[in-house]
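Hi,

Here is the structure I promised to pass on. Have a look at it first, and my notes follow below.

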Amino acid sequence: MSIINFGIWGLGRIGNTHMRHFSSLTERYQPVAVCDVDATRANEMADAKQCQAYDQPQTFLNDSNMQLVIIATRSLDHAAHAKMALQAGKTVLLEKPIGVTEADYQTLKQANADFPGKLFFLHNHRFEPAFQAILEIVRSGKLGKVHTIKLRRHHQFRRRPDWQSLLAHGGGQLSCWGPHILDHAMQLINAPVKDVWSHLQRINTPGDADDHVKVILVGENDTLVDFEISDAVAIRGTFCTAYGDRGTLICADEKTIQLKYIDPDFELPQITASAEQPPTKGGFGHEESGGFPWQTETVNISTDVNMWDQVEIDIANHLYNAIRNDIPFPVANEDALEIVRITNVIKKQNSQFEWII
Ligand SMILES: NC(=O)c1ccc[n+]([C@@H]2O[C@H](COP(=O)([O-])OP(=O)(O)OC[C@H]3O[C@@H](n4cnc5c(N)ncnc54)[C@H](O)[C@@H]3O)[C@@H](O)[C@H]2O)c1
C-alpha cells in the first residue's frame, strides 16, 4: 500500500506532536510540506524533516505533492482552514474543536456534504486506553443496563497563561477538552442526546474563559453522563464510575478498573413490592442482594505505551486505513458535528461568558 504524503498546517505544540508521530510511521506517512505564519518555525521543521516550508497558507495548499493536510492552527480558524484545504483538493485531518461558532458548524456540515470521504476529525482521545477499556465493559452488558456514568477530567491544578484562557481566541476548557469528553460521553450513551444541563465557571484562570466545566447529558435511552473538566481541583476525582442495573465499575486513576457485578448466569428472582406492614427488623432488601452471586474483577489497563503517544499512533493508523483501505474511520463525522452543536447549546446555557458564537 502506498505512503501518504502529508503536510502540517500550524507548527505549535500539537503540530509538533503530530509531526513526531505521523512521521514515525515511515511505511505509512511521509512529511512533504509544513506551513506556519512563523516562517522560522516552518523553516526549522522543514530542515529537520527534509520537506518544503511555507509561511503562506495558499501556496502551501497548492503543493501538488501533498495529499493530506493536518490542520493544527488555532481553534477559531479550524473550519475556515478545513474548507480552504478541501477546496484545494486535499484530504483533511482537522484538529478539535473542529468548529467554534454556529457559522463554523454550518461550514463543516456543508464541507462534509461537498467533499465526501475527504474530511476527518481529529478526536484522538477517543483512543485513550482507559476510555477504550471502560467503553468495552459498558457495551459488553456485564454491568447490565448502564444508566449513570460519571467522568472526571481533573487536570493538574493550574492557571493557564496562554490563548487557551481567552474567549476572544476560542479558549476555555469547554472548547479545549470539551470535545474530547463530549466524544467519550456520547460513545458511552450510545444514543442521541435529548437533554443537556451545564454550569461553567471561571475559578483561577488569568483569562476570561471557563476553567471549570460541569455538564450533564441524558440520552434518548435515559442513560445519563455527568462530566467535569477542571483546572481548579487540587485532588483529582475518580476518573470514571459507571452504574448498571447488575453492577458497578470504578476506574480511579486510568490504570485499573474495579468491577463488581452479579453473575451473568444468575437470573434475578421476580419479587413484588408490598404495602403490607414490614417486619420490625430488616425488610430493606439487603438480605436478598447480599445473597446474590457477586463477581469481582480487576482489569489492568495496558501502560506499555504512554497514553499521549497511544492516541496519536491510533488515530494515524485509523486514518491510514480509512484513506488507503476504505475501512470506516471510527470517529463518525456526524458525531463530531453533534459535539459542535451540543457545545453551542452549553454556551447558550452559560451566558455569563462572552462567547464568540
Ligand atoms: N487533539 C489534541 O490532543 C490537541 C492537543 C493540543 C491542542 N489541540 C488543538 O490544536 C490547536 C492548536 O493548539 P496548540 O496548543 O498547538 O496551539 P499553538 O498556539 O501552540 O500553535 C498554533 C500554531 O499555528 C500557527 N498558526 C496560527 N495561525 C496560522 C495560520 N493562519 N497559518 C499557519 N500557521 C498558523 C502559529 O504560529 C503556531 O505555531 C488548538 O485548536 C487546540 O485546541 C489539540
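This is a predicted model, in which local features need pLDDT of at least 70 and side-chain atom pairs count only at pLDDT 80 or more, while totals for chains, interfaces and linings use all residues. Residues are numbered from 1 along each chain as its sequence is written.

I began with the ligand. Around it there are 23 residues, of which Gly-10, Gly-12, Arg-13, Ile-14 and Ser-75 come nearest (near means a C-beta atom, placed from the backbone, within 6 Å). Helix H1 (residues 13–24) gives the largest share of this shell, three residues; helices are DSSP runs of H or I, at least four residues, numbered from the N terminus. By class, the shell has nine nonpolar, six polar and eight charged residues (Ala, Val, Leu, Ile, Met, Phe, Trp, Tyr, Cys and Pro count as nonpolar, Asp, Glu, Lys and Arg as charged, and the others, Gly among them, as polar).

Next, the domains. Domain 1 covers 4–122 and domain 2 covers 127–245 + 302–308 + 341–349, with bounds from an automatic or database domain assignment. Their centres, taken over C-alpha atoms, are 26 Å apart.

Lastly, a helix pair. H5 (residues 102–114) and H11 (residues 333–349) pack at about 165°, their axes 10 Å apart (axes are lines fitted to C-alpha atoms over the stretch in contact, and angles run from 0 to 180 degrees between N-to-C directions; contact means C-beta atoms, placed from the backbone, within 7 Å). The two helices are therefore roughly antiparallel, the term for angles over 145 degrees.

Best wishes

Note on methods: Angles under 35 degrees count as roughly parallel, over 145 as roughly antiparallel, 65 to 115 as roughly perpendicular and the rest as oblique.
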